[in-house]
Amino acid sequence: MRQTDYLLPIGFYDLIGEEAKNNEKIIQIIKDSFEKENFNIIKTPLLEFDDKIDDDSFKTMDILSKKFLKIRNDITPQIIRLVETKFVNENSELKLSYIGDVLKFENKDLFYERQLTQAGIEIISPTSKDVNFYIIDIILKILEKLKLENNLISFSVPGILSRLITKLEISNPENLIKSIKSKDILNIKKYGEKFSDILLQITLENFDKNLINEKILEPEKKNIKKILEIKERIEKKYQNTKIDIDLFDDNLSFQENFGFMMFVDNFKYPVSRGGEYKIGQKEAAGGTIYVNHLTKIKNLKPIIKTWIIQLDE
């Protein structure tokens with residue numbers, strides 16, 4: 001057999017040696033942390049029926065039913081399906097956790113991994129007002145156990161941009177939204193009209209808490225106050241963690257009103273993301289950890305340390 005017969009598709013990989021050990025250690029720490037907080041672990045299938053043809057997932061055909069199947073590319077939508085079916089009559093708080101692999105049809109990250117391990121927690125019908133801080137706190141504790149510091153959390157209010165702009169008396173709201181998303185200064189000035197200065201400040205700078213009383217933000221004051229309160233609590237408890245507030249960031253898929261992304265050191269991609277969302281009439285909040293990114297960081301650290309020592313010599 002030729003050596004090329006053993007090649008894996010782009011984005012798929014083998015883990016061996018220290019890399020495999022690090023991966024297992026990370027997963028075990030995450031599992032133990034979830035269990036300590038009394039989350040109930042669930043296991044969902046890799047394959048589900050799906051008739052969408054435009055999402056980022058691998059497709060195949062079920063020879064028994066003749067229906068299309070998708071290989072999961074995210075576990076949280078499966079949690080939503082479970083809540084809407086098997087837990088549909090459950091009105092009390094549900095604390096669910098999961099760890100499993102997902103497959104991406106395409107991945108634009110630098111490492112182009114298409115087989116990813118997700119670990120996460122979801123709280124359905126939360127009884128505590130502190131649920132968002134609670135979830136972030138659990139994830140930060142996991143990073144501490146992994147000896148990963150110099151963290152950055154970026155907060156946003158998913159959906160705020162379109163809600164705010166459509167209420168403004170301006171002539172071209174669609175172009176303004178596009179300009180803000182691309183941080184196009186010239187066009188924000190052009191399409192923002194009399195609101196351009198405040199919109200530029202919110203778009204380009206870390207959110208200043210003094211802006212909360214601006215009239216333009218009045219409809220979102222409750223959501224913004226929530227972020228500022230969580231920010232204050234995190235800064236008190238985790239002094240090495242930096243906080244960035246980018247209200248208009250739209251890099252979250254189905255979250256509403258509160259979202260976060262978490263970064264470690266100078267690693268470009270988030271190690272976690274999450275926030276609030278709804279399942280029908282039920283409130284929910286959760287956070288997903290990207291085990292691949294944590295493994296990559298843990299494996300890169302010794303290399304970087306050696307490189308720095310060599311430079312000092």
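Asn132 touches Lys226, Ile230, Phe258, Gly275, Glu276 and Ala285, leaving aside residues up to four places away in sequence; contact here means heavy atoms within 4.5 Å. This is a predicted model, in which local features need pLDDT of at least 70 and side-chain atom pairs count only at pLDDT 80 or more, while totals for chains, interfaces and linings use all residues. Residues are numbered from 1 along each chain as its sequence is written, and side-chain values use heavy atoms, with hydrogens and water left out.

You can find Asn132 in helix H3 (residues 131-145). Helices (H or I, at least four residues) and strands (E, at least two) are DSSP runs, numbered from the N terminus. Asn132 counts as buried because its relative accessibility is 5%; buried means under 20% relative accessible area, exposed over 50%, and partly exposed in between (1.4 Å probe, protein chains only). Its side chain also makes a polar contact with the side chain of Glu276, at 2.8 Å. Such a contact is a pair of N or O atoms within 3.5 Å; within protein, one must be able to donate a hydrogen and the other to accept it, and residues adjacent in sequence count only if both atoms are side-chain atoms.

A charge sits over a ring if NZ of Lys or CZ of Arg is within 6 Å of the ring centre and within 35 degrees of the ring normal.

| Lysine | Ring | Distance from ring centre |
|---|---|---|
| Lys67 | Phe49 | 5.3 Å |
| Lys95 | Phe39 | 4.6 Å |

Phe39 itself is buried, with a relative accessible area of 7%.
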